[in-house]
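Let's take a friendly walk through a protein model together. Have a look at the structure first, and then read on.

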Amino acid sequence: FFFFCCTTFMADKIQAQLEFYFSDANLRRDRFLAQVTAEREDGAVPVAVLMTFSKLKQLTGSEDAVLDAADQSELLKVDREQRTVKRVQPVKDKDVDACTVYAEGLPQDSTHESLTQLFSQYGSVEYVSLPRYSNRTRSIKGFAFVEFSSETEAARACAALPPPSHDVAVVAAASHAWRGPRPGNAPGAVEKVPEEMKDSLRVISKKAWQELKQTYKRLQRQQVSQLKKQYRDPKGGSESEGDTHQNKRPKEEEEEE
């Protein structure tokens, strides 16, 4: 009985991993797998290729186990003779950014699984991007992008959770997506946020985040331009001929450097 339970549990894990590989969200981002599916007319992927993926290798070393798990999925189709796996339905077209939210103020122990569980109360989570630093610690950067299956679900999360507090006015002005009720007043909003995240978790739509990012860049360029102007002309007057001669290097020296 124990062996049967362990085998079933592992098969479920393999099936879930395969369904993630072949999901709409992953195929839009995974260039290698998208290229492999495009090379064949039927879009099938040889199980030998799937066995090169690190997370799948951690679950099993058996190609037959992979085929058996894929055979149990309603989303995948197995060809035993060719030893391939493919999607049943083609990838759907959608506005990914409109279905995605930006979340910040995350605890350092956040994982893809914990964020999927947290945001699933607002809709079906299809993908979680959790950026990490490239150093040895591999610690998270404190923010994530969460893709829902629809724009309505993404809007529900934005309405139920507060936006970044440091620039609420800018976010509200820049975004047409964030115009819903204040947190706690959204119809059907769920307030099951972990205690340690209630004071830090902030969410806006990805499109609002993109516009806010562009606003920051524009302001930064303006500030840099002003600083350069002040450095060149600190008193607001024109340079004298002597200053111009002293500050400007000969063209030959600039080219040599």
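Residues are numbered from 1 along each chain as its sequence is written, and side-chain values use heavy atoms, with hydrogens and water left out.

How confident is the predictor? The score to know is pLDDT, the predictor's confidence in each residue, from 0 to 100. The protein averages 80, and 75% of the residues score at least 70. Over residues 168-190, though, pLDDT is below 50, and this stretch has 34 contacts (heavy atoms within 4.5 Å) beyond near neighbours in sequence. Residues 238-257 also stay under 50, with six contacts beyond four places in sequence. Where pLDDT is low, the predicted coordinates should not be read in detail.

Now for the build. The protein has twelve helices and seven strands, which are DSSP runs (helices: H or I, at least four residues; strands: E, at least two), numbered from the N terminus. Among contacts with a separation of 6 or more, 64% join residues 24 or more positions apart.

What about the inside? Of the 257 residues, 33% count as buried, where buried means under 20% relative accessible area, exposed over 50%, and partly exposed in between (1.4 Å probe, protein chains only). Cys99 is buried, at 4% relative accessible area, and Cys158 is buried at 4% too. A search of the whole structure finds zero disulfides (pairs of cysteine sulfur atoms within 2.5 Å).
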